[in-house]
Amino acid sequence: MEFTLPIEKRRLASSLGMTAENLSRAFKTLRPYGVETDGATVTISDPADLITLAKPTPLID
């Protein structure tokens, strides 16, 4: 799965209330779960790994 961020990362970070550096670190933390970034392009190679990390539950979601 691949998509392009609709806004620049600096603006995304600001919208999330974080610095661009912290957003970059957050993306790096997701690498073991199959998330890679290249500029504005985000690639999720294994969505199941990311779902496992998120631990969704029907009681909350």
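Which residues make up the largest nonpolar core? In this predicted model, local features need pLDDT of at least 70 and side-chain atom pairs count only at pLDDT 80 or more, while totals for chains, interfaces and linings use all residues. Residues are numbered from 1 along each chain as its sequence is written, and side-chain values use heavy atoms, with hydrogens and water left out.

Strand 2 (residues 35-38) runs antiparallel to strand 3 (residues 41-44), and four bridges join them. Along this pair, valine 35 stands opposite isoleucine 44, and threonine 37 stands opposite valine 42. The hairpin of these strands has two residues between them, and glycine 39 takes a positive phi near 65° there.

The answer to the opening question is a set of eight residues, namely Leu5, Leu12, Ala13, Leu23, Phe27, Val35, Val42 and Ile44; a nonpolar core joins buried (under 20% relative accessible area, 1.4 Å probe, protein chains only) Ala, Val, Leu, Ile, Met, Phe, Trp, Tyr and Cys residues through side-chain atoms within 4.5 Å. Helix 1 (9-15), helix 2 (20-29) and strand 3 each supply at least two residues of this core, helices being DSSP runs of H or I of at least four residues.

Key: Pairing = 2+ DSSP bridges. Buried < 20%, exposed > 50% of the residue type's maximum accessible area, 1.4 Å probe, protein only.
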